[in-house]
Amino acid sequence: MYLLIVNPNAGNGHAKKIFERIQKMTSYRNIERKTLFTNQPGDGQIIAETYSKKEYIKHVIVIGGDGTMHEVMNGWSNQSVSISFIPGGSGNDFAKGIGQRDTAEKQWQNIISNPAKPNFWNGSFQLENGREKKFINSIGIGIDAATTEIANQSHLKIWLNQLKLGKLIYLIALIQAILRFQPMNIRLTYDGRIRHIENTWIVSAANHPYCGGGLKVVPHATVNPHNLSILVIHQISKKKILLLFLLVIFGLHQYLKEVELFQVKEMTIEVESPVSYQADGETGRLQTCYIKRKKQAVYIKK
Ligand SMILES: Nc1ncnc2c1ncn2[C@@H]1O[C@H](COP(=O)(O)OP(=O)(O)OP(=O)(O)O)[C@@H](O)[C@H]1O
């Protein structure tokens, strides 16, 4: 039996419209399925936790945005079941990262007619409390986390979303974050090395290049089972950081001397005092964080 998890609010109602189109397809009516809607934050994870124990579920299909997929991945524990994703969010970085390009209808048809192959490996992070969580896109501390936090708390977000100008909130939040941001002194431990880096604006670990609604922020990242791609920006002035964000649009930020790109199998990030982090858009606080690529493959049907 197929389990469909739909976030009707993702993409400001876009996911709901996609689901309604799929519902009209003959193949939707012909398969044995259970469809559940998320009603509030956290529901995706709860549904996934509940249904991953039910052996009759052979395939999960998520229709929503990256936040919903993040929740489902963190709740789903039965590794033999494949999880498919039909993007209906506002950013859809995950879909871009795994190369999903087709229309929702084509993706649906493909999902139900072909068996999935193991082709995706989540990143994972562990904070001071020892609990491990997965991320589908990236985890970051610094300016990306500060921007996400401001955007998530902003009352303007709902209003701009209604005007279909949702992405504008991230630009407004980014400028606010840059004005307020205090660069961090950090310690990175990876591949037998310890590095102290001062005046750090961002440390991001990514599973694929895309972030912020389709920007190739971590350009060297690839979907693979071996390593995570790291972006560090440090020792940069506030003026130049604005220029840097303009360069990100054209993928040219990687040529600035303040931008470091490298790969790690695993890495520990330590900060002098607690800072904000974002993992697939979900925010929190951390002082120490251990990250790695999960070896266990996930079956994602494109
Ligand atoms: N019915 C609901 N109403 C409001 N929020 C919900 C509902 N169901 C789930 N959520 C929460 O909404 C958050 C955002 O959803 P999601 O990321 O899927 O869409 P999006 O933000 O439009 O897309 P993207 O992350 O790709 O930009 C999720 O993290 C989830 O916790």
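This report walks through a predicted protein model, from its overall build down to a single residue.

## Ground rules

Residue numbers start from 1 along each chain, following the sequence as written. Since the model is predicted, local features need pLDDT of at least 70 and side-chain atom pairs count only at pLDDT 80 or more, while totals for chains, interfaces and linings use all residues.

## The big picture

Let's start with overall size. For 302 residues, a compact globule would have a radius of gyration near 19 Å, and the protein agrees with its 19 Å. (That radius is taken over C-alpha atoms, and the globule rule is 2.2 Å times the number of residues to the power 0.38.) Along the principal axes, the C-alpha atoms fill a box of roughly 60 × 45 × 30 Å.

The protein has 10 helices and 17 strands. Both are DSSP runs numbered from the N terminus: H or I over at least four residues for helices, E over at least two for strands. Buried residues make up 42% of the 302. Here "buried" means 20 or more other C-beta atoms within 10 Å of the residue's own, "exposed" means 12 or fewer, and "partly exposed" is in between, with C-beta atoms placed from the backbone. As for contacts (two C-beta atoms, placed from the backbone, within 7 Å), 73% of those with a separation of 6 or more join residues 24 or more positions apart.

## Two domains

The domain assignment gives domain 1 (2-116) and domain 2 (124-294); such bounds come from an automatic or database assignment. The C-alpha centres of the two domains lie 26 Å apart.

Where they meet, 14 residues of domain 1 are in contact with 18 residues of domain 2. On the domain 1 side, α4 (66-75) and α5 (93-97) each supply at least two residues, and α4 gives the largest share, 6 residues. By class, that side has 4 nonpolar, 7 polar and 3 charged residues. Ala, Val, Leu, Ile, Met, Phe, Trp, Tyr, Cys and Pro count as nonpolar, Asp, Glu, Lys and Arg as charged, and the others, Gly among them, as polar.

## Around the ligand

Helix α4 turns up again here: it provides the largest share of the shell around the ligand, 4 residues. In total, 21 residues surround the ligand, the closest being Pro 41, Gly 65, Gly 67, Gly 89 and Gly 91. To be near a molecule or strand, a residue needs its C-beta atom, placed from the backbone, within 6 Å of it. The shell divides into 3 nonpolar, 15 polar and 3 charged residues.

Helix α7 (residues 143-153) is largely enclosed by the rest of the structure, because 8 of its 11 residues are buried. Among them are Ile 143, Asp 144 and Ile 150. The cover over the buried residues of α7 includes β8 (138-142), α8 (156-162) and α9 (168-180).

Now for helix α6 (residues 104-113), whose buried residues are Ala 104, Gln 107, Trp 108 and Ile 111. Seen down the axis of α6, they fall within an arc of 100°, so they line one face of the helix. (The arc is that of the directions from the helix axis to the C-beta atoms.) Lys 106 and Ser 113 are exposed on the other side of α6. Covering the buried residues of α6 are elements including α1 (14-23), β3 (59-64) and β4 (82-87).

## Zooming in on Ile 178

Ile 178 sits in helix α9. Is Ile 178 buried, exposed or partly exposed? Ile 178 is partly exposed, because 17 other C-beta atoms lie within 10 Å. Leaving out residues up to four places away in sequence, Ile 178 touches Ile 143, Lys 238, Ile 241 and Leu 242. Ile 178 and Trp 201 are 23 residues apart in sequence and 9.4 Å apart in space, C-alpha to C-alpha.
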